[in-house]
Amino acid sequence: MRITQLMGTKQWPIPAAAILLALFIAMRANETNAADAPRPNIVLIMCDDMGFSDIGCYGSEIQTPNLDRLAAGGLRFTQFYNAARCCPTRAALLTGLYPHQAGMGGMVSGKGGTDSVSAYQGYLNDRCVTIAEVLRSAGYHTAMSGKWHVGESRPSWPTDRGFEHYFGLISGASNYWKLDGGRKMALDDQPYTPPDDGSFYMTDAISDHAVKMVDQYGGKAEPFFLYVAYTAPHWPIHAWPEDIAKYQGKYVAGWEKLREQRHARMIEMGIVDKRWPLSPLDAQPWDKLSDKEKRDFDLKMAVYAAMIDRVDQGIGRIMAKVKDVGAEQNTLVMFLADNGGCHENPERSEVPGTPPGPKESFLAYGKNWANASNTPFRRYKHWVHEGGIATPLVANWPAAIKSGTMTDQVGHVIDLMATCVDVAGANYPEEVGEKTVQPLEGKSLLPILQGQQRAGHDALCWEHFGNRAVRQGDWKLVAAGNGSWELYHVKEDRTELNDLAKQLPDKVSQLVAKYDVWSKQVGVRAGK
């Protein structure tokens, strides 16, 4: 803008003209500073199988001071979604596409290669690009520490898909103290076997390597992208004894009481609307259990809480290193979970009867506690009711995000790629080699991060193992497996208790049509 545009043709008194001139100079300085501002570092952190209410800043009693600090200094999303399960969410996060478009509509496959066309092939295809590939081409350093789970064989490892350095678990859930038979870990592009001497613990190892990566790249002229994908608190529930001790005995009041307490805190915080009642209990009545059963369940939840506590400790160490290298102000940090709390209950301990925690055990905390983790919602990981797909999203970026803010604008894990591309000033490619890359499905969250209203998605859709849903505005259509469609007005009823499908058949038909178009577009197969 020119000074003459500001002043127009009016004859201004000298003091007023001076003020306008000063304003013009300040505006020009801000424009120049914005143009010259260094691109931010990006740290993207994800937990595995963690419920919506499992961290302190979303209503939990679990001690997560480092995440709470990031939230207090940044932004919390109250209506952000994942893709219901480990593999699909990771594919959507990395590519900005729906999981099916990236080849990960179902679970991971041991097969290698990147040339298949199936929406359920089980590894990232060659018609998608990862955040690491895009940002690396834009001059970013790229590193990852943690769980990959979107391709178990070469050339589908992280270092094949844009990451300069990698440490972590290539495959899915593993013993935290040692590598289970058949599971794969890697250091960069080489297989890795952790020591089996009592010194190795998966969560700490992921944090340790993330800290090293920040140290390696934080002092360089180029910005860095770091993806930290914790395996915790996915089963088996394993934790250090000193962390377990902090929580043992705190859950003897049971899951009913825990749900009520969390729900009350969430309403007070503004995370959930007081109009949404707590969903019905989907667990055994606590008062019907024996004293021994209560102690055993208390211990399981204590170990689970300890796992999240240890993740938070690791995030604290990562953020301390970010500060140490002088990058705190201009680093965008985002934290989320890959799906809701997990109902699964594997029990295959090496030594039957071993309590949860040590390496000889292989247990989960089970559906009863998962019901509390997903407070106030229904269902769990795997389903696409809110309990399966609602996730916290904490975003912190001191240079750009106003502290202590919250938004109810709707977002999806597919938006994270678009956000990274946007803040990095990168270009999302149309082609890689001779292959056409699928257009980005996600939309940047940057306007929301900057306190603005974003033009959101017309609709969002899900499909996983036949569970399916579509959300458009305040309406959500959802079905479990081969069950019939249910219709909810989520602004008034996000806990999905008042099914309006029979009352509003035209709305059902409208949303089914949206889902059908989407399902054909991404390659959904009926019955998958």
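Start by selecting G270, the residue that follows helix α8 and has a positive phi, near 90°. What you have open is a predicted model, where local features need pLDDT of at least 70, side-chain atom pairs count only at pLDDT 80 or more, and totals for chains, interfaces and linings use all residues. Numbering runs from 1 along each chain as its sequence is written, and side-chain values use heavy atoms, with hydrogens and water left out.

**Helix α8**

Now step back and select residues 255-269, which make up α8. Helices here are DSSP runs of H or I with at least four residues, numbered from the N terminus. The 15 residues of α8 reach 21 Å from first C-alpha to last, close to the 21 Å expected at 1.5 Å a residue; that expected span is 1.5 Å times one less than the number of residues.

Which residues of α8 are buried? Colour W255, L258, R259, R262, H263 and M266; buried means under 20% relative accessible area, with a 1.4 Å probe and protein chains only. Look down the axis of α8: these buried residues fall within an arc of 130°, so they line one face of the helix. The arc is taken from the directions from the helix axis to the C-beta atoms.

**Its partners**

For the pair α8 and α10, the axes come within 8 Å and cross at roughly 15°. Those axes are lines fitted to C-alpha atoms over the stretch in contact, with angles from 0 to 180 degrees between N-to-C directions. That makes α8 roughly parallel to α10, a label for angles under 35 degrees.

To see where they meet, display W255, L258, R259 and R262 of α8 with N368, W369, N371, A372 and S373 of α10; contact means heavy atoms within 4.5 Å.

**Over to α6**

Select residues 202-217, helix α6, and pick out D204. Is D204 buried or exposed? At 14% relative accessibility, D204 counts as buried. Leaving aside residues up to four places away in sequence, D204 touches W240, R310 and R317.

Finish with α6 and α9, whose axes come within 9 Å and cross at roughly 10°. The two helices are therefore roughly parallel to each other. Contacting residues include T203, D204 and S207 of α6, and R310, V311 and G314 of α9.

Methods. Buried means under 20% relative accessible area, exposed over 50%, partly exposed in between (1.4 Å probe, protein chains only). Angles under 35 degrees count as roughly parallel, over 145 as roughly antiparallel, 65 to 115 as roughly perpendicular and the rest as oblique.
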